[in-house]
Amino acid sequence: MINRLSLDYKQLPLVATIALFVLMFSFGSLRYTGFLSTQVFLNLFIDNAFLIVIAVGMTFVILSGGIDLSVGSVIALTSMVAASLTMEAQLSPWIVVPVSLLVGTILGMIQGSLIHFYNLQPFIVTLAGMFLARGLSYLISVETISIDHPFFSYMANSQIPLPGNNFISISVVIALIVAAIAIFIAHFTNFGRTVYAIGGSEQSALLMGLPVTRTKILIYTLSGFLASLAGLIFTFYMLSGYGLHANGMELDTIAAVVIGGTLLTGGAGYVAGSVVGVLILGIIQTIIVFEGTLSSWWTKIAIGVLLLLFIVLQRVIVWRSEKKAGTG
Amino acid sequence: MKAIIKSRLFWPILVLMLILLINLFFDSSFFSMEIRNGRLTGSLIDILNRGAPLILISIGMTLVIATKGIDLSVGSVIAMSGAIGAMTVASADGTGLGPLLMAIGLSLLICTFVGGWNGLLVSRVGVQPIVATLILMVAGRGVAQLITGGQITTVYYDPYSFIGGGYLLALPFSIFIAAFVFLIAVLLTRKTALGLFIESVGSNPDASRLAGINSKNIMLMVYMFSGFCAGVGGLILSSNVMSADGNNAGLWFELDAILAVVIGGTSLMGGRFYLTGTVIGALIIQSLTTTIYSIGIPAETNLVVKALVVLIVCLLQSPEFRRKVFGFGKVKGAGEQKGKEGATLL
Amino acid sequence: MAEQLPRLEMTNIVKEFPGVKALSDVQLRLYPGEVHALMGENGAGKSTLIKVLTGVYPIDQGTVTLEGNPVHISSPLKAQEHGITTVYQEVNLCSNLSVTENIFIGREIKKYGRLAWKEMHQRAEKLLERLQLKIDVTKLLSSYSVAIQQMVAIARALNVSAKILILDEPTSSLDRDEVQQLFAVMRQLKKDGLAIVFVSHFLDQIFEITDRLTVLRNGEWIGEYKTAEISRMDLVSKMIGKELEEMEAISSKNTGNTTESTQSFLQADEVGLKGKVEPFDLEMRKGEIVGLAGLLGSGRTEMARVLFGADKKDKGKIKVNGKEAHFSSPRNAILYKIGFCSENRKTEGIIPELTVRENMILAIQSVYGWFRYLSKAKQMKIADEYIQLLNINPANPEQLIKNLSGGNQQKVMLARWLVTDPDLLILDEPTRGIDIGAKTEIMKLMTKLSKENKSILFISSEIEEILRTCDRIAVLRDRKKVKEFDNDGKLTQQDVMKEMAGGG
């Protein structure tokens, strides 16, 4: 089915995603005064920097034909670890940051190993990981831990000025660097290509002698690491650790990746698409804020409708290329 | 002995027993029951009663998973069902049964319908189940919040409480509902050829179509049934608390239900399904929650324990794990795994 | 050649699966610059031997030496490092990647730490040119035909400075020209000093291309022979372990059996489907076996699928027993007492997770619908009856079908349709990929059915089989029915082939 996607068709979802973003931004600009400004655009990045980071990790997982449900909880756990180490153990950020990053990395590595060595389904394993991470963060504390530390305040508040009186945050820089590295990895390293190969057909990848084991474990490790990184960015953003942070974030992430044009069955998609996918989710929220009278649940309904549109679009593409393959 | 260990139900039942025994260790009266005010009470009854919604939803989920599908939307459908039910009787008072029937009819109808929507996307449009139901999972909760206006709506109409809180023959009514749906599901799937067809479609949809089975309708049906089950579960949950909460009702239920199905021995790859296993799976999850509350472990650990149980059960079911740890379930499993994709063994 | 050091020597290889000794004391010697056939029926252990050689399965006992040095091949990756590469029957590449990538993935060319796409594309083009193939290598593999995909797989194999190339039934989905093209490539590679293992069910091809052959039977090593020094009959009898006379008896069973029947069961009148098969006429009389001959892609499978309603026709009329019949789905066709055994046993035939019994009753049960569920006793009776009739092994109705060998799975598929007592049975390549014993049984069964006044539409790539069994033969070419022959005993393979090839 997906095997028959041809190159030109494959890029169509990405084109559609970008077109949709442009369309939505123009719609907002025409409808609301103050919408059409560089800062509104940049705010999309500032408010969703952490989402970009996890969406990048999730893209690799989904490209390989898997799924990672644990990312939202890992954000919460990372924020808890960072907060408690900083506030309760009074450790320096030089220790706190690496330790926090290790949290998700290790969890991801364990998940990847379980999935690979015991042939368990990613869905179930990362579901367990999701419970585990959230449970652990509650074990650290049920309450919110506010962070009051110069390093975190600096990361939260410093603005990097851009021409025209605009600014971005440090988190945005981190997110963009992550995205750039990820695009390079996806297209110009063997690891990246192996991810696509596994998503196309794991059996073939194995028979072709590709390092499937290493790659699969690495994918989940990477996703775990990025989730932790996103957790730190989220902590900078919220300046607190809390077990309920990022509740349901895995769904937003998956939605962003799908809207970004990646096939959920794996094997086709782009990291850049996922970034645009995140921006689309962001712009929906921005529009709802600008509208003022709309309630928050319209966000969910809108995301649902967009998901539907993109999924049907993917189906139509597959159908058309199947037809083409049939006659050709 | 070997036959018993090999049985799909062995491990789930063992785990359930273990959890119950742990309870007995902490509370010697755990297994005791007594009749109070004509109502049978006791921890075991409590587990059954509280577990009823999960059992219901897991039964629907089992059939969906058997067709190689998955239904992520059940949690949102629960919220919708509760919202529709509660809003229908919100303005009713007194004891007339009209509004009650209206509420039940309306929510079940709509829930079956949205289940059918999932089914159409999967069977007719050809969307992967996880994606198709993700749409409703996201949008459905939005719709539930839309119905309740984002508020918790309280119901003051007495008959509504019977669904989830009533008693019949000294037993909670919800147990009867769950048992009834279970019975219907078993009868439909095991006494007719429906079960065979479902397993066939789940194992190889193309071949099933060529053998004359209407795969599309079978898929449509299981999603409708799953929607229906979630609807019933939603009514019970909303009736329990006599309110509708679009934000939180049914949260995480899809995950618990999938867990219950997997613990019960049905593979997420479709094919064979085990309804009794699912019910035991749901009971394991419920007793776990109850246990954690009753023996005084902080409630927060619930999630950690749940995660560990999931992992243990999945590992026990993994042929690779069994081979490495116990040395049985040997190579056969490996042969099957490898054989599945490439060449046959011989 | 004999004095030369073998490139590969496998001695006393033992591989056991629970309850089955898949290989016992098997040998294999490969010399550089030869094409070596691995012969045997299904279940003989060919696939297992290949999987052992390529590191997919570990061996239980035995030694493997490469150019005199003992080696331990623990994974496909290790095998590749030793220069052993395989091209499988079902192309095991990633069709979601480009041609170039499929050739290079796993050992990409890098420059400054990044993949050098441009260089890889150029190298890929060069490699394919060596195989006489000029295609756009940047396109996805899925946009090309199976034959080209196979060439790409070989190009990939060559790129790893391969020493041993294993071709596992590479020709089963190629047409004649493509096979010849493949052979030309194989000859070239042979000249370059490669040792090639070739597995095929087509004897013609074995005798055309191979130098030596190793015969396996039931996991045991039967012998190693020079192809030029063994006769066809000898080889076949070594493979199936039957006496020569018996073989000859089978092969001369059905020549010239034209049944005189005038009663028509099904009539297709200008039936067609755009892009699949041009409008055609076809009559199926009762008690008649009609053969469909044609190359792969000639529209024969498409024709069968349209007749069965698996694909909806968009032109013409189908009459069953003289009355117009509308079928839009396989289900309708089954209700008209038509059965269809697909050529893709794995994807369109068996239900892997179900038992032999359940697989057998599936079609009849779908005729009955859900509510008239066959009792367990009845199901068992049916299963036992057909297991016996078709000699299915293992004779256990509760065995999962995925654990059966290909030939036995095929028999279960036949049973599935026989249970429905069809008036017309469409058999699409029922003999493909199964051993000679099972083949003969299936052909005997067809003759028996036709004597019971059933009609059979028989599709096969082996013209000889068609000539032996069919009363009439329709030939397809380029999605079009071009000719219909009466098999009067004078018809020869050449006559049929000429029509299939066309242009003459």
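## Basis

Local features of this predicted model need pLDDT of at least 70, side-chain atom pairs count only at pLDDT 80 or more, and totals for chains, interfaces and linings use all residues. Residues are numbered from 1 along each chain as its sequence is written, chains are lettered from A in the order in which they are written, and side-chain values use heavy atoms, with hydrogens and water left out.

## Chain C with chain A

In contact (heavy atoms within 4.5 Å) are 27 residues of chain C and 29 residues of chain A. The buried area, meaning the accessible area (1.4 Å probe) that two parts lose on being put together, summed over both, is about 2300 Å² here, and carbon and sulfur atoms give 59% of that. On the chain C side, N92(C), N96(C) and L140(C) lose the most area to chain A, together 22% of what that side buries.

The rule finds one salt bridge across this interface, where a salt bridge is a side-chain nitrogen of Lys or Arg within 4 Å of a carboxyl oxygen of Asp or Glu. R193(A) and E101(C) form a salt bridge through their side chains, at 2.4 Å from N to O. Six residue pairs, both members at pLDDT 80 or more, are in polar contact between chain C and chain A. A polar contact is a pair of N or O atoms within 3.5 Å; within protein, one must be able to donate a hydrogen and the other to accept it, and residues adjacent in sequence count only if both atoms are side-chain atoms.

Helices (H or I, at least four residues) and strands (E, at least two) are DSSP runs, numbered from the N terminus. At least two residues of the chain C side come from each of helix 2 (76–81), helix 3 (99–104) and strand 8 (114–115) of chain C. Helix 2 of chain C gives the largest share, three residues. By class, the chain C side has 11 nonpolar, 10 polar and six charged residues; Ala, Val, Leu, Ile, Met, Phe, Trp, Tyr, Cys and Pro count as nonpolar, Asp, Glu, Lys and Arg as charged, and the others, Gly among them, as polar.

## Chain B with chain A

Here 51 residues of chain B touch 38 residues of chain A. About 4000 Å² is buried between the two chains, with 82% of it on carbon and sulfur atoms.

Several helices of chain B each supply at least two residues of the side that touches chain A, including helix 5 (98–125), helix 12 (253–263) and helix 14 (301–317). The largest share, 12 residues, comes from helix 6 of chain B. The chain B side divides into 31 nonpolar, 11 polar and nine charged residues.

## Helix packing in chain B

Axes are lines fitted to C-alpha atoms, for helices over the stretch in contact, and angles run from 0 to 180 degrees between N-to-C directions. The axes of helix 3 (residues 43–66) and helix 11 (residues 215–241) of chain B come within 8 Å and cross at roughly 170 degrees. Helix 3 of chain B is therefore roughly antiparallel (over 145 degrees) to helix 11 of chain B. The residues of this contact comprise 15 nonpolar, three polar and no charged.

Helix 8 (residues 173–190) and helix 9 (residues 194–203) of chain B have axes 5 Å apart, at an angle of about 80 degrees. These two helices are therefore roughly perpendicular (65 to 115 degrees) to each other. L188(B), T189(B) and R190(B) in helix 8 meet residues of helix 9, among them L194(B) and E199(B).

Technical notes
Angles under 35 degrees count as roughly parallel, over 145 as roughly antiparallel, 65 to 115 as roughly perpendicular and the rest as oblique.
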